[in-house]
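Look at the sequence and structure first, then read on.

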Amino acid sequence: MKHQNNSFFLLFIAFLCVYFTGFSQYVKRLDTKEGLINGTINVFEKDSLGYLWIGSDKGINRYSGVEFKKYDLEPITSSESTGIVDIINLNGTMYMISPNGYLVKYLYEFDSFEKVLHIDKKRFLSIAKLQDDKIVIGLDTGLLIYNTISKKKSEIFYPETYFNRKVLVKNNTVFSATGKGCFVYNYDDKTNKLIFSERILEKNDIINIALDAKNRLWIGTEVGGLFIKDGNEIKPIVIDEILKKTYAIRKIKFDNQNNALVAIDRLGLFVIDENLKITSSFGHNVDNPNSISQNSIYEIFVDKLNAYWIGLREGGINIIYQKDNVFQQIKHVLNNPNSINNNSVRAVYESKNGDLWFGTENGISKFSNKNWTNFNKNPKLYNTAVLAINEYKNDLLIGTYGEGILKFNPKDGSVSLPDLEPKVPLQFIFNLVVFDENLWISGSDGPLMHYRQNKLISKYAIGLVRSIVQGYDDIYYAGTSNGFFEINDRNKSVRKLKGDFFNSINEIQSLHFDQLNNAIWIGSTNGLYKFNLSDETIENSSEDSKKEIGTVFSIKKDNMHRLFLGTISGLWVYYTKTKLFRKYNDQDGLTIEEFGLGASTKLKDGRFAFGGPNGAVIFQPIDLEKDRPINDIFLGNFQINGKKPDTISLKKNINFLDEIELEFDQNSISFNFETIKFHGSKRNKFEYQLYGYDDDFKTIYGNEKITYSNLAPGKYRLLAKGFNAEGIQGDKELELKITVKKPFWKTAVAIISYFIIICFFIYLIYRVTKANIRKRTDEDRIKFFIEVAHDIRTPVSLIQLLVKQLINQENTKKSIELIQRNTENLNEYVTQLLDFQKIDRNQLKLSVTKVDLNECLANVVKDFTPILQERSLDIQMDVKNIPVWFDKVKMTRIFYNLISNAIKYSEDGGQIDIKAYLKNNNLSIEFIDTGIGIPEKQQELVFKRFTRGTNVSNKGIPGTGIGLMLSKKIIELHGGKILLESKENIGSGSN
């Protein structure tokens, strides 16, 4: 194999011409300020979702075009090295290698990594796809094949080859760039082995290799230059600059037009076409901010738009667009006299001959025929702010801050006073406006002055006029520090419009007359307004964006009915039809971020010029590219309770889930919307609503953080729609169902458990209470039977005694009477016991007859005569002859019981009253005594079985405690009631 001798040479002079002249390009820079990881950029690779992965010697980033996301690989690859040297996308799966011998796989569904392979004491340098299920890894010594399905690795092939920096595979042919030439192998699928074929440029240290569309092998070396192998022929591409010094060919890639992109260390990037001719090059120029950041390029990536992404040694990424920047940005270039002399541009004007004039903080500058001329040597212009420029009567007039209005001579830079009568007394001129023969001059130290044919016509004391426009029929409109005014030039009248709507807090900065919409657009401190001339109403066009837009200093309208606004926050466009705002910034090639008062103009060719404190920009509106539509919407930076969710909280990556379920205490979530968009505006609009929480859709722009705190348990549905910067909706929407679970103590299971537990405790209480009642009842029964036994024993004992007396024939008649009485008492006890049993079993029946109540009560009282006399108790009866129907036997027993109680619990000498009367067809019978009474708290209890007053028990007065209970039951069987009124130590009354 031989080198071709007819190598072509590129002259160094030609190289300089290409390298330093301004061919079409503009460069966008990304660095750590945007979130990019530190370190040398080693590799770019796109995944199946469209994200761009960036590996450096310090770690790895994922880039959406809007935001960088950093991943920590230290838990996998150890703290020895967290750098990534190469990445491949194998059928959608991302594999990456670290220099300390780790092969790592990215898990989409979990947004995490797993270790696939580790070989200790081996350095991994490069990786390539061998087949759909196999990859080949270049090591510091040898090569390795890994099967991703069987998860088995091969032996290390050809360990004698050193520094396999780049591995390339084409049709089972493996190329490896090593420290001693480029090795070529054939892969044997049956034996899973690499078979040596040839070695190319064996005496060269090969850094990089690449295959072009013609299957030509491009070879970059450390010191030998750049070569191409076409078939069996190798030829060098000789670059004059490389011949003089040693330059490494660091990287070789191909763009979408099959041009070779060759990164030459310390020289930059060269574009070489298929005919091996350099068509362009990109290098760092310290005086050109539109050049690449540095010349040491370690990686190249070409996207679908043929933009070149270059990774730099010192960190950072440059994106090179091979076209003119739509925005021609004007700034002072250090040590370059052919540039504007001051970046603070206060006025812009195009003269009749096409020259562009810029008023600055230090005089005036002219741009003509690609050359700059600065005028600030005249004492009147040196360090003088030029705030306004215009032509009047073929004179170029300039308004200054401090020197008043001056007539400027472009030929020699001299200045003089303009031919105006009378002279303009103002020293601080902010505005010069010309309409045909009319010149309007405004300043901060006097009224608005109107000249016609060089003579003063009128003055208007309406404040500092920052903008004035001409309307219909000699009507002018002025935006001033005092408000919005209409000036009628015919009768010199002034009318203030909209009252104090515009004031010192919301001052007018600019006006634009829109004849098509019959309106005046007003730029103010608080944004953009539309004043409708037909009905003099005003609309706040920037209500939703005023904080973002800020003060509107200039308004220009193009032929597509778009308003371009020079604002304190940058350049905006307002689509009057769709009522949407779009901002232009560095994503679009515009680096100037602020514009100032009055510094704008529309050029004759339709271009606009805007100036501000950091320079000026000129652009053609029709050349502005439409913003690209957005595709999928993802959730970024998803957090639960302020923390990244672990695998317990979320089993998968949030973007691979249609529904999530959160615990009750995981009820605060935050996230931002993310879409993959590498070019165009980052200010995408998202409309979203959390159904179940939000009443309507909300709107945010870009990657603003969204937070929902303290979500109540329930079901929610998040729906989001994406729009690009021009308001065009993307094809796909995001939908996520969210369930916040109830706390366990509020779930159905818990409620059922509570119910069961409560029922158990109720049952337990019931059983314990019932047991206690039974115990107490049993005790009361025992006590009752003891009492009854005592009571029965007394008459039985008496009967026994009396029987003995009868046997002895002593006091026979009296004994028989006593026997009869005690027998009756004994029978009464037995009857009560039987009635008690019947009541317990609900078997007590009534036998109702007609009874004379007075007679019945008298008979009962008569039975108590002996004891009444014995204890000196007096019974008073007030009972009418009232015939009643009741069970005479049972009611007599009640009367007997009540009278007996009254006698038993009364002191000797007391009184008992018995009353009976009809009231409202109801019979009331009262038994009133003057006994010891019953404690108030126990009065309700005395009608229960075995219950007696404590004061009675304490005094040892005998009794069973069932008499009143039996009385109550019998009376209730009659349909009546028994009531008790009693006071302790005073007496009681039953009714």
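A polar contact is a pair of N or O atoms within 3.5 Å; within protein, one must be able to donate a hydrogen and the other to accept it, and residues adjacent in sequence count only if both atoms are side-chain atoms. This is a predicted model, where local features need pLDDT of at least 70, side-chain atom pairs count only at pLDDT 80 or more, and totals for chains, interfaces and linings use all residues. Residues are numbered from 1 along each chain as its sequence is written, and side-chain values use heavy atoms, leaving out hydrogens and water.

## A lysine in a loop

The side chain of Lys677 makes a polar contact of 2.5 Å with the side chain of Asp627. Another polar contact, of 2.8 Å, links the side chains of Lys677 and Asn684. Lys677 is buried, with a relative accessible area of 6%. Buried means under 20% relative accessible area, exposed over 50%, and partly exposed in between (1.4 Å probe, protein chains only).

Lys677 sits in the loop between strands E61 (669-674) and E62 (685-691). Helices (H or I, at least four residues) and strands (E, at least two) are DSSP runs, numbered from the N terminus.

## A covered strand

In strand E49 (residues 519-524), six of six residues are buried. Ala519, Trp521 and Gly523 point one way, and Ile520, Ile522 and Ser524 the other.

E49 pairs antiparallel with E48 (residues 508-514) over six bridges. Strands pair if DSSP finds at least two bridges between them. Trp521 is the bridge partner of His512. Trp521 also stands opposite Lys530 in E50.
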